[in-house]
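Okay, thanks for coming, everyone. Let me put the model up on the screen, and then I'll walk you through it piece by piece.

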Amino acid sequence: MSRRLSAQLRSFLIQRPSTTRPVLCTSRVLVSSQRSFSVSRAQRLMETSGFTDEQLTVREAISKICSNFPDEYWLEHDQQEKYPHELHAALAKDGWIGIALPEELGGAGLGISEATMMLQTISESGAGMAGAQSIHANVYATQPVAKFGTKKQLQRMLPRLISGEARACFGVTEPNTGLETLKLRTIAKKDGDSYSISGQKIWISSAQVATKMILLARTTPPEEVKKPSEGLSLFFIDFDKSQPGLELKRIKKMGGRAVDANEVFFDNYRISADSLIGSEGQGFKIVLHGMNAERCLLAGEALGLGYAALKRASAYAKDRIVFGRPIGQNQAIQHPLAEAYMHLEAAKLATYHAARLYDQSTHDPNITQHAVGVACNSAKYLAAEAAFKACERSVLSMGGMGYAAEYHVERYLRECFVPRIAPVSREMIMNFVGEKVLGLPRSY
Ligand SMILES: Cc1cc2nc3c(=O)[nH]c(=O)nc-3n(C[C@H](O)[C@H](O)[C@H](O)COP(=O)(O)OP(=O)(O)OC[C@H]3O[C@@H](n4cnc5c(N)ncnc54)[C@H](O)[C@@H]3O)c2cc1C
């Protein structure tokens with residue numbers, strides 16, 4: 001465990017007897033019986049029984065950091081499309097970026113179970129997808145690097161990400177191939193002790209601020225590979241916009257506007273040959289390791305948004321008086337919120353089950369990658385749908401104020417489309433489960 005983080009965790013564990021639930025910081029919430037934009041406090045909703053001490057400690061420590069970034073911070077950053085550098089810096093300062101990276105590299109040596117809790121807590125604080133996306137590629141996309149990189153590469157690549165001096169983005173999606181990852185066209189051509197990259201990526205989050213990219217590119221043309229899953233390679237590259245052959249174009253988007261999304265154009269962009277992670281041609285298998293972790297983190301982020309929305313909606317429904325009684329006394333308001341809560345709790349179980357399987361599979365050969373894949377995909381699907389239900393019902397329960405930016409739930413609703421679409425869509429998860437679990441004919 002890194003010295004910085006271990007001190008942090010130790011101090012939390014000492015302060016908190018393991019049998020009692022931690023007292024979590026509550027963020028500010030905008031509710032008022034006067035129906036003006038004032039503030040009062042509300043409790044977090046998620047049931048925390050059954051989590052490990054480590055997960056609860058992470059939740060408590062991250063809540064504390066996030067309490068310095070209230071909803072108003074995220075509202076302003078969303079509206080002005082301003083990057084949340086301060087949150088990234090605060091998390092890096094205490095060592096949290098390396099939560100699931102090895103201790104010998106300065107990480108905390110914890111797992112995806114704890115990292116999922118971290119990302120959920122960030123999202124749940126009101127930071128939503130924007131807050132989570134400001135760090136999450138550094139957490140999940142580094143997993144395959146840590147597993148398949150050489151010792152020398154790890155020492156060169158990861159400590160600076162953990163300390164926050166460097167930042168990574170994840171470059172997989174392409175405009176012409178979409179979800180058909182095996183058809184990627186961006187080419188990495190070996191030339192002596194370097195590769196030359198040409199092609200285009202799209203939707204790359206945080207590319208404007210990143211100085212590194214974890215890139216999936218083609219090293220063998222599709223017609224020359226034995227299996228479609230071969231021919232792609234994974235690289236950890238310098239992402240240096242001052243060098244020739246690299247250009248970005250920002251994409252205007254619906255939500256999470258504090259964090260940039262970009263088209264990235266490579267035109268004979270040079271990278272050193274020792275940027276290659278693992279064997280050439282095996283990049284797809286290698287990157288899957290990070291993709292399952294990413295699904296868990298996204299599931300956690302979705303849950304966070306859902307709980308944050310329900311917290312606001314239920315506080316509002318308690319206070320808002322129409323026809324002489326709180327609107328929350330009407331079952332037409334109460335029941336949809338209660339149902340959304342139960343869906344979130346069910347998705348929470350699926351999410352932390354998937355994260356646990358992911359972590360255990362690293363040392364238990366009885367847990368297959370198939371089982372991990374099914375659990376992580378299912379969790380991401382269920383959490384994203386539960387979050388959507390919670391956000392939509394929260395907006396509707398709050399009437400006109402649900403639509404007002406200053407009540408924040410409209411922002412949560414806009415953001416909760418991301419885990420429904422990315423990193424893999426709802427339809428592709430159902431295709432996967434239909435084929436790989438139910439044994440139905442492949443539909444795509
Ligand atoms: C905010 C945001 C941030 C992102 N950040 C990153 C990032 O940092 N790095 C990165 O690499 N990518 C990123 N992505 C990309 C994301 O992973 C993709 O958008 C996602 O994988 C979907 O791919 P696509 O947009 O090309 O959809 P397409 O492949 O064009 O699919 C469009 C629709 O058709 C459906 N569809 C396609 N084929 C089938 C089929 N056979 N059966 C049923 N339905 C089908 C899909 O489910 C989807 O609904 C981000 C996306 C967003 C929106």
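When I say domain, the bounds come from an automatic or database domain assignment. With that, the chain divides into domain 1 (40-162), domain 2 (168-282) and domain 3 (284-436). Please keep in mind that this is a predicted model: local features need pLDDT of at least 70, side-chain atom pairs count only at pLDDT 80 or more, and totals for chains, interfaces and linings use all residues. Residues are numbered from 1 along each chain as its sequence is written.

Let's begin with domain 1 and domain 3. Their centres, taken over C-alpha atoms, are separated by 18 Å. Contact here means that the C-beta atoms of two residues, placed from the backbone, lie within 7 Å. On that basis, 33 residues of domain 1 touch 34 residues of domain 3. On the domain 1 side, α3 (71-80), α5, α6 (136-140) and α7 (142-148) each give two or more residues. A word on those labels: helices (H or I, at least four residues) and strands (E, at least two) are DSSP runs, numbered from the N terminus. And which helix gives the most to that side? That's α5, with 16 residues. By class, the domain 1 side has 17 nonpolar, ten polar and six charged residues. For those classes, Ala, Val, Leu, Ile, Met, Phe, Trp, Tyr, Cys and Pro count as nonpolar, Asp, Glu, Lys and Arg as charged, and the others, Gly among them, as polar.

Helix α5 (residues 112-133) also packs with α2 (residues 53-66): the axes come within 9 Å and cross at roughly 30 degrees. Axes, by the way, are lines fitted to C-alpha atoms, for helices over the stretch in contact, and angles run from 0 to 180 degrees between N-to-C directions. The α2 residues in this contact include Val58, Ile62 and Cys66, and among those from α5 are Met117, Met118 and Ile122. Counted by class, we get seven nonpolar, five polar and three charged residues.

Now for the ligand. Where does it sit? Domain 2 (168-282) and domain 3 (284-436) both give residues to the shell around it, so the ligand lies between them. There are 23 residues around the ligand, and Gly178, Trp203, Ser425, Glu427 and Tyr444 come nearest. Being around it means having a C-beta atom, placed from the backbone, within 6 Å of the molecule. Elements giving two or more residues to the shell are β3 (168-171), β5 (194-205), α14 (418-421) and α15 (426-436). The shell divides into 14 nonpolar, seven polar and two charged residues.

Strands pair if DSSP finds at least two bridges between them. Strand β4 (residues 187-191) pairs with β5 in the antiparallel sense over five bridges. Ile187 has Ser198 of β5 as its bridge partner, and Asp191 stands opposite Ser194. The two strands form a hairpin with two residues between them, and Gly192 in the turn has a positive phi of about 65 degrees. β5 also pairs with β9 (residues 261-272), again antiparallel, over nine bridges. There, Ser194 stands opposite Ser272.

Last stop, α14 and α15. In the loop between these helices you'll find Pro423, and the peptide bond from Ala422 to Pro423 is cis, with omega near -5 degrees. α15 then packs with helix α11 (residues 369-397) at an angle of about 145 degrees, with the axes 10 Å apart. Among the contact residues are Val374 and Tyr381 of α11, plus Ile429, Phe432 and Val433 of α15. By class, that contact has five nonpolar, three polar and three charged residues.
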